[in-house]
Amino acid sequence: MKLPFCVYVLFSELDRQLYIGYTSNIDRRFEEHCSGQNISTKNRGPWKLVFIEYFLFKEDAINREKYFKTTVGKRSLKIMLSNTFDTLDYKHK
């Protein structure tokens, strides 16, 4: 069973940076990012989806998104996705 909400991390192949968001429809949301329909990511593609974490409740997904945007949260992502980031040459700030 797929849970209704997710937090996701995108990797920009253009600027080698990340985008962190949450949604209730990852397929639609990823397509919006890839087709330039999102102002925050419009000029930064192409994108790779590198991480998804699912939640039952929207509030939990929002809290997790906020956490991943903190310094400690970014550090956690760096540890969890170390092989991915090394392979993609992620240029963390």
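These legends go with close-up views of side-chain pairs in a predicted model.

**View 1. E13 reaches over to K48.** Here E13 and K48 form a salt bridge, with 3.9 Å between the closest N and O atoms. E13 sits in the loop between strand 1 (5-12) and strand 2 (18-23), while K48 belongs to strand 3 (residues 47-55), so this contact ties together parts that are 35 residues apart in sequence. Neither end is hidden away: E13 counts as partly exposed because its relative accessibility is 33%, and K48 counts as partly exposed at 34%. This is one of the 6 salt bridges in the structure.

View 2. R29 and E32 are both buried.

**View 3. R64 meets E53 across two elements.** The side chains of R64 and E53 are joined by a salt bridge of 2.6 Å, N to O. R64 is in helix 2 (residues 58-68) and E53 is in strand 3, so to speak a link between distant parts of the chain, 11 residues apart. R64 is partly exposed, at 24% relative accessibility.

**View 4. F51 and F68 sit edge-to-face.** Now for the rings: the structure has 4 aromatic pairs. In the one shown here, F51 and F68 are edge-to-face, with 5.7 Å centre to centre and 90 degrees between the planes. F51 comes from strand 3 and F68 from helix 2, so the pair ties together parts that are 17 residues apart in sequence. Both F51 and F68 are buried. Y67 joins in as well, as ring pairs link F51, Y67 and F68 into a cluster.

**View 5. F85 and Y90 make a tilted pair.** What sort of aromatic pair do F85 and Y90 form? Their rings are tilted, at 45 degrees between the planes, and the centres lie 4.5 Å apart. F85 counts as buried, with 5% relative accessibility. Y90, at 14% relative accessibility, counts as buried too. Both values fall below the cut-off, as buried means under 20% relative accessible area.

Definitions and conventions:
Residues numbered from 1 in each chain as written. Predicted model: local features only at pLDDT ≥ 70, side-chain atom pairs only at ≥ 80, totals over all residues. Heavy atoms only, no water. Salt bridge = Lys/Arg side-chain N within 4 Å of Asp/Glu carboxyl O. Helix = DSSP H or I, 4+ residues; strand = E, 2+ residues; numbered from the N terminus. Buried < 20%, exposed > 50% of the residue type's maximum accessible area, 1.4 Å probe, protein only. Phe/Tyr/Trp six-rings, centres within 6.5 Å; stacked < 30°, edge-to-face > 60°.
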